Amino acid sequence: MAVVEIVSFGYLHDAPPAAHLTIDLRHHFRDPHVSPELRYMTADDEPVRTAVLNTPGITDLVEATATAVTAFASGPSAGTVTVADGCAGGRHRAPTFARALAARLTAAGHAVSVCHRDMAKDVVQR
């Protein structure tokens, strides 16, 4: 199976990283940042993961992305497949999605690495 690199990031911190697939989670999925009790948490905190993973459509997007990764991995080149997924600040939706995608791809036999580019950065005040 292919090697897959997943990079979560925040659009408000810097440009998206180079990737074969870039998933923009900003406009279609609830942002935990709007809840004061979740704002200063990250995807390392269970309430954030629960809020993100219980958002309608998110698990379908994980499955669709895993299918797309498998299609890329089936191509004639044997290189690493890179997936970048971003939300506004990179602390909630993107790293939660990245971890869910990594779990799904690992279960399918892919070797997966995950990097959270912006999760440890300060909360963006907006």
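The entries below go from the ground rules to the sheet, then to the core and to single residues.

**Entry 1, ground rules.** I noted that this is a predicted model, in which local features need pLDDT of at least 70 and side-chain atom pairs count only at pLDDT 80 or more, while totals for chains, interfaces and linings use all residues. Residues are numbered from 1 along each chain as its sequence is written, and side-chain values use heavy atoms, with hydrogens and water left out.

**Entry 2, the sheet.** I looked up the strand order and found an open sheet of 4 strands, E2-E3-E1-E4, with parallel pairing. Strands (E, at least two residues) and helices (H or I, at least four) are DSSP runs numbered from the N terminus, and two strands pair if DSSP finds at least two bridges between them. I also reminded myself that strands of a sheet pair through backbone hydrogen bonds, either parallel or antiparallel. E2 and strand E4 (111-116) are at the edges with a single partner strand each, so one side of each has no neighbour in the sheet. On average, neighbouring strands of this sheet are turned by 15° against each other, direction ignored; axes are lines fitted to C-alpha atoms, for helices over the stretch in contact, and angles run from 0 to 180 degrees between N-to-C directions.

Which strands does E3 pair with, and over how many bridges? Strand E1 (residues 3-10) runs parallel to E3 and is joined to it by 7 bridges, and strand E2 (residues 21-24) pairs with E3 in the parallel sense over 4 bridges. I traced some partners one by one: Val4 is bridged to Val81, Val7 to Ala84, and Asp24 stands opposite Gly86.

Is E3 (residues 81-87) mostly covered or exposed? It is mostly covered, since 7 of its 7 residues are buried, where buried means under 20% relative accessible area, exposed over 50%, and partly exposed in between (1.4 Å probe, protein chains only). Val81, Val83, Asp85 and Cys87 point one way from E3, while Thr82, Ala84 and Gly86 point the other way, and all are buried.

I then picked out Thr82, which lies in strand E3 and counts as buried because its relative accessibility is 11%. Leaving aside neighbours within four places in sequence, Thr82 is in contact (heavy atoms within 4.5 Å) with Glu5, Ala18, Ala19, His20 and Leu21.

A nonpolar core is a set of buried Ala, Val, Leu, Ile, Met, Phe, Trp, Tyr and Cys residues joined through side-chain atoms within 4.5 Å. The largest one here has 22 residues, and Ile6, Leu25, Val69, Val83, Phe97, Leu101 and Leu105 touch the most other members. At least two residues of this core come from each of E1, E2, helix H2 (46-53), helix H3 (58-73), E3 and helix H4 (93-107), and H4 supplies the largest share, 6 residues.

I listed the contacts of Leu25 beyond four places in sequence, and they are Ile58, Leu61, Asp85, Gly86, Cys87, Arg93, Ala94 and Phe97.

H3 lies across E1, E2 and E3, and it runs at about 170° to E2. Thr65 lies in this helix and is buried because its relative accessible area is 3%.

Leu12 lies in the loop between E1 and E2 and counts as partly exposed because its relative accessibility is 47%. Leu12 and Cys87 are 75 residues apart in sequence, yet 8.4 Å apart in space, C-alpha to C-alpha. Residues up to four places away not counted, Leu12 touches Ala88, Val124 and Arg126.

Gly79, in the loop between H3 and E3, is partly exposed because its relative accessibility is 39%. From C-alpha to C-alpha, Gly79 and Val3 are 7.4 Å apart in space and 76 residues apart in sequence.
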